[in-house]
Structures are given as structure tokens and as C-alpha cells.
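This report describes the sheets, helix contacts, a pocket and some backbone details of the protein shown below. It is meant to be read with the structure in view.

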Amino acid sequence: MNEKRIGTRTFGYSGGRVHVLLDGQWGSSGKGKMAPWLCDRLGIDTASTSNMPNAGHTTKRGDKTTMYKVLPSSITGDVCRTAILTGASVFDQNRLEAEVCEMQVGTRVLVHDRAVVMTAEHARRERESYGLRALASTMQGSSAAMIDKISRGGDELLARHLECPGVEVWRAPMLRLWLDAHLAAGGAVLHEVSQGFALSIDHGSHYPQCTSRNCTTARGLDDLGVSPRLLGEVFMNLRPYPIRVGNIVGADGDIVGHSGGGYADCHEVTWQQVGEGAGMPQDEIDRLTHAELTTVTKRLRRVFTFSWQGLKDAVRVNGVTCLLLNFAQYLDWELRGARGETTRAALPRRVRDFVYTLEETSGKPVIALGTGADYDDILIVN
């Protein structure tokens, strides 16, 4: 058996399985950082996603920063060289072409022929929707594009008509059969679930302040068309202070688009309070107003205290097996940029207590802490 290890934890069945990485909160937990790291650690050679333009995922390696809105972030790592866009994907062709140009040599992109190629008309329809504006939607055109697909008025918007250098478009059954054969031969897949579980349209914390689909393990497997029997590890990424996208503020300062509330056991705080609690210098706290702008809308994220109710719900619904705690430096600034391996007992007290409570509440192990923006800013917890 081809065993892989993260610290003292052994992952003995990574081959022949579809592993899932998802955000257990409202998105922006840094999955773009964790996805390539997981693939490199576990030797996962293929990544898939159902991205839409309402989400962006960023990876930073040294001086190079890559932000993907179409392709899975895993391909910025050293091991993953095949990217799959499922039939549930929605993308702008120009954006896809730009991201393909950014890829490492030798990377292969397979696109389901029923993915949707978004147009400027889709984005225009959403921008002119008063209802979406009132919900502080990203208004990138994702829902409008999916509505056109669901309406089945024609197939001209589907990826089967796509012509993009470096991209292979596969008919629906053939891509699924390729994936089945790949897994049967011992290959592994990491499916990156976009956005966050708490934004799910049916299972999330708030409606209508949610996204247009479910962000769950089950949805990821369904998008790929693989049996649940092939599910491997389910990694859930978390922030100690979860965020929601910023509200939309009118010219007079009034809120004209509200992104929704939190769980009953959490409340909204300020970035000043987060920084002071972590022991950040004031200049670092001031930088948070730039660092915490959302990737897509560039609005300042709203920030909340942690919800233990939300944690238990996300773990239960998604069959989570391991936890990743990103932004651990927001609990104790002393941990910023920490790398390598450590024990729970050696962590700063505030971080140690938080990790213990995460594990006690969820019944799942915390295997790694993200401590900064860079790919290598990860501390393995033994």
C-alpha cells in the first residue's frame, strides 16, 4: 500500500480515491493555499473543481502569487498535473485562457462539455438585478449562466463549442469513464469545493444570503459523477474568525446590500478587535483592511467570532475526517510564518486551547495550521 504521512498521521489509501477539500464556513478560508500543499503531501496527481466566477483562490509561493477563478489551485503545486473542470463549472473563456497561460509546463486541462461558458450578458443581467444587489451578491454572472443552462434553450453556451489552446473538451460519459479508469489504476483526485459550506443554498446558515448551489462533499462527488464508495479523506478548512463578504454601501453611506448574519452562537466583531486579541502591532492591524479584501469584489470582509454550532453542522453533513486551521496567526501573532512540525502542547496557549476545543467539539483531528500567506507557511500538528 502506498502510504503517505502528514506528521504522525498516516493516509494509507490515497490512491484510487476522490478526496475533498472544502471550507466549513462562509468562504475565503484560504483553500487556494491548502489545496496544492495537500496534493504535494499526499501525492495526489489530479485535481477537479466546479468553480464559478463568484469565487477566487489564491496561492503564493515566494514572489509569485497566482489567483485562479477557473482552474483548481492544486496545479500550482509540484505534484498535481491534471486539472478537471466538471459540468457544473461556469467560466469566462478569456479568464480560462489567461489561467492556462499561467500553468506549469506539462499540465493537462480536461473540461466537461456541459460546463457553461459565461458571457458579458450574464454579468450584466446580475448587475441590473435589484434582488441580488440587496443580498450583497458578487454579481459576476454565475446564477444567470446556470439559469440559461437549466432552461435548456440551446447548447450554444456549453463548453462543447469551446476552442481554447491547451484545453481538452470531453463529452459527458467519456470524461467520467476516464476518471473511473484513472482511479482504478491507483490515481488519486482532490476535489476543491468552491466557496463555503455555510453558503449552501439548501444547507447553509442563511437564505437568501447564500450562493446558488450547495457547497458540500456530496455535491462535489455528484459534479464528478463518481460513486460515494470512492470517497477518501474529507479535509475541512477553517478560520478562527470566519468571514462574510462585505456589505454594499451606497453613496450616502447607507447599506444597500446586506450579506447576511451569523450563527446564533457567534457575533460580528471588527478587524481591530481581532488584531488586538492576537497581539498584532497596530501597523499590522491597519494592514488587515487591505489584506482582508475579498478576491472577487474587493470589499472588506465582515468578520465574526467562531461558531461551534456551525462547526458541528459542517462536520456532520460533509463526513469530515480532518481539520485544517488557517489564519492561526490571528489567534496569536507570535505564530506568524511558523513552519515545520510541532506538538499541540508546544503551541502558544491561545492557539493550543482553540485546537483542543476544535478537536473536542468535532471529534476530528487538526492536522495542520496555516500561519501566513505563503505556501510554506504551514505548521504540521502532531
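## Sheets, helix packing and a pocket

In this predicted model, strand β14 and strand β18 (residues 302–304) run antiparallel and are joined by two bridges. Within this pair, Ile243 stands opposite Val303 of β18. Both strands belong to an open sheet of three strands, ordered β14-β18-β17, in which the pairing is antiparallel. Its edges are formed by β14 (243–244) and β17 (268–269), each of which pairs on one side only.

A second open sheet is built from eleven strands, in the order β11-β9-β7-β4-β12-β3-β13-β19-β21-β22-β20, and its pairing is mixed. From one strand to the next, the twist averages 25°. One of the pairs in this order is β9 with β7. Strand β7 (residues 82–85) is parallel to strand β9 (residues 108–112), and four bridges link them. In this pairing, Leu110 of β9 is the bridge partner of Ile84.

In the order of the eleven-stranded sheet, β3, β13 and β19 follow one another.

| Helix pair | Angle | Axis separation |
|---|---|---|
| α3 (residues 120–127) and α5 (residues 142–151) | about 115° | 7 Å |
| α8 (residues 271–278) and α9 (residues 282–291) | about 145° | 9 Å |

The crossing of α3 and α5 is right-handed. On the α3 side, the contact is made by His122, Arg125 and Glu126, and on the α5 side by Ser142, Ser143, Ala144, Ala145 and Asp148. By class, these residues comprise two nonpolar, three polar and three charged.

The crossing of α8 and α9 is right-handed. Helix α8 contributes Trp271, Gln272, Gly275 and Glu276 to the contact, while α9 contributes Gln282, Ile285 and Leu288. Three of the residues in this contact are nonpolar, three are polar and one is charged.

Which residues lie nearest the centre of the second largest pocket? They are His112, Asp222, Asp223, Leu224 and Gly225, out of a lining of 14 residues. Two elements, α6 (172–184) and α7 (217–224), each give two or more residues to this lining. The pocket has a volume of about 230 Å³. Its lining comprises six nonpolar, four polar and four charged residues. His112 of this lining falls within the residue range of strand β9, 108–112, a member of the eleven-stranded sheet.

Two details of the backbone remain. Most peptide bonds are trans, and most residues other than glycine have a negative phi. The bond from Tyr207 to Pro208, however, is cis, with omega near 10°. Pro208 is located in the loop that runs between β12 (189–192) and α7. Ser28, a residue other than glycine, has a positive phi, near 60°. Ser28 is placed in the loop between β3 and α1 (31–42).

Terms used. Residues numbered from 1 in each chain as written. Predicted model: local features only at pLDDT ≥ 70, side-chain atom pairs only at ≥ 80, totals over all residues. Heavy atoms only, no water. Pairing = 2+ DSSP bridges. 1 Å grid on protein atoms, 1.4 Å probe; cavity = no way out; pocket = protein on both sides within 12 Å on 5 of 7 lines; lining within 4 Å. Points joined across faces, edges and corners; volume = space filled by probe spheres on them. Nonpolar A, V, L, I, M, F, W, Y, C, P; charged D, E, K, R; others polar. Axes fitted to C-alpha atoms, helices over the stretch in contact; angles between N-to-C directions. Left-handed = near helix turned anticlockwise from the far one by under 90°. Contact = heavy atoms within 4.5 Å.
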